[in-house]
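Good morning, and thank you for coming. Please look first at the sequence and the structure, and then we shall go through a few places together.

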Amino acid sequence: MGATTSLVKDKAATGLRPAGRPAWLRKTARLLFGLAVTALIWESAVQLFVIRPVYLPRLSTILMAIAATPGAYVNGFLRTSAETLIGFATGSAFGVLTGIAFFRVRALREMIFPIFVVSQTIPVIAFGALVVLWFGNTLLAKAVIAFYLTFFPVTVNTLLGLETVDPKQVALMRSFGASSGQLLLRLQLPTALPQIFVALRLASSLSLVGAIVGEWFGDTTGLGVLLLQAMFTENVVAIWGALLAAALLGTGFYAVVAAAERRLVFWSAEQ
Amino acid sequence: MQAAIQTKDMPIAGSPEATAKPSPLLELRAVTKTYGPVAALSGLEASVAPGEFVTVVGPSGCGKSTLFNIVAGLEEPDAGGILRFEGNSCHAADLLGRVSFMPQRDLLLPWRNVVDNAILALEVEGMPRAQARAKALKMLPEFGLTGFEKQYPHQLSGGMRQRVALMRTFLFERGLMLLDEPFGALDALTRAMMQRWLLDVWQKYRRTILFITHDVDEAIFLGDRVLVMTARPGSVKLEQVVDLPRPRRPEIVTAPEFVRLKRTLLDAIEEESMKSFQSAVAQEKAT
């Protein structure tokens, strides 16, 4: 597998194939092409089948609406990104730490884990109302809601990942005289990493949901606010505009997490 | 040769030449281990002299691995047995970090390249990475891994992975090396090459080795002494000195002395295998 990829790279580098381009460039080109085709189909289908704008406006109309008031979208995008990122980062860190704690201290897991499960059965809307009461209409409140949706899958997957560690591997490390800290850093956490990343990918979209739902409880900027305003004014084009912006944010964030995964967990795809 | 190792590896009082038999590096007396109703070892007696290459053979399920786990410090034997290491009586747990242990599978970490896998034990010991890597790089040629230092385990063949695991064991310089069927998963040709290679490396570094195998040829070819274990509960049934000259050539496996030793050992193992087979059948009937 390694040999073939390096072979392909060599070919591309020496230009054996005339159309040879780096793999990432080719992938990006294909992706852009795919997007362009989708946009074209969208645009022409609306015209061709005379779809009423209430159901689906033309893409160009949406893009022009965004271009007309770019400030609102840029600010909303940045604000929601900040909420999402803070919620994601704290939620992931908390999730990994609690996962480790539950793995190491069985009693803690039996005491706290059921409470975690209960916390996740509370609808996020109910929880959101509470959070807004606590923190007001601040950025922090949205981040807390994003955190709330994020940490649980990370806790569960960290725990799952840590439990997949081969006892023989642990025995080997112990025979070297490894302390429990060394075991954790050199064996258990790296082993759990692929599993943790599964949760992080999930958490990247969940944290965005948390941030947007959080904004619905009242705020002045954010993609969620744009969405809500558009809904109240029945402005279909604005709804689609906010939707596209949210999709861009969600996809971009997911792509960043997935890229980090490919870089950090390079071994799991090749085994 | 053994005298040289003694002075190097263990500080003992008096001149080693004066004593007829060197005092053992590892000594097990009346060691017993039970797991609930199952007795894995019962009254096991064994000793390993410094610099010696001792091989252990026995029917499957005879408690070889239990024996190794005890000597590696991973499991505590039942009370009453005596465990002595470097002349001092000790608990199994005291042996953690003092014996370099190589389990059956290579257990290489997939996120570490060849060099970083080899230095794992040194890192655990607290040696700075740069220093440990330099040490490992010097050893690469001997382990046939030159040019592969940056490769990851999934890019290596089975034989190479095993050599990386052996290198990790060698780099963790301890008085005693425990090898648990290290070549069990390799094909016959690679295996024969690895055996010869191991003997070369052993003679160069003069380590003490306790080596588990289920292959009688391998046990004779490598060992100074072969211990045959009984069926479960395991103890030492037969202790056979292998007085074949070293260095041993591959042709030795067809020499009459070799074949004679093999006959003796196979008879002993066969007897024990029959016992464990019969007891398994009896158990089957009982349930």
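In which loop of chain B is B:Pro153 found? B:Pro153 is in the loop between α5 (129-139) and α6 (158-171) of chain B; helices are DSSP runs of H or I with at least four residues, strands are E runs of at least two, and both are numbered from the N terminus. This is a predicted model, in which local features need pLDDT of at least 70 and side-chain atom pairs count only at pLDDT 80 or more, while totals for chains, interfaces and linings use all residues. Residues are numbered from 1 along each chain as its sequence is written, and chains are lettered from A, and ligands numbered from 1, in the order in which they are written.

B:Pro153 counts as buried because it has 22 C-beta neighbours inside 10 Å. Buried denotes 20 or more other C-beta atoms within 10 Å of the residue's own, exposed 12 or fewer, and partly exposed in between, with C-beta atoms placed from the backbone. Leaving aside residues up to four places away in sequence, B:Pro153 touches B:Leu108, B:Pro110, B:Asn117 and B:Arg161; contact requires C-beta atoms, placed from the backbone, within 7 Å.

Let us turn to chain A. The buried residues of helix α10 (residues 223-232) are A:Leu223, A:Gly224, A:Val225, A:Leu226 and A:Leu227. They pack against α4 (70-104), α9 and α11 (236-264) of chain A. After α10(A) comes A:Glu234, with a positive phi near 50 degrees.

Finally, the contact between the chains draws 16 residues from chain A and 19 residues from chain B. On the chain A side, α8(A) gives the most, with 7 residues.

Key
Two residues are in contact if their C-beta atoms, placed from the backbone, lie within 7 Å.
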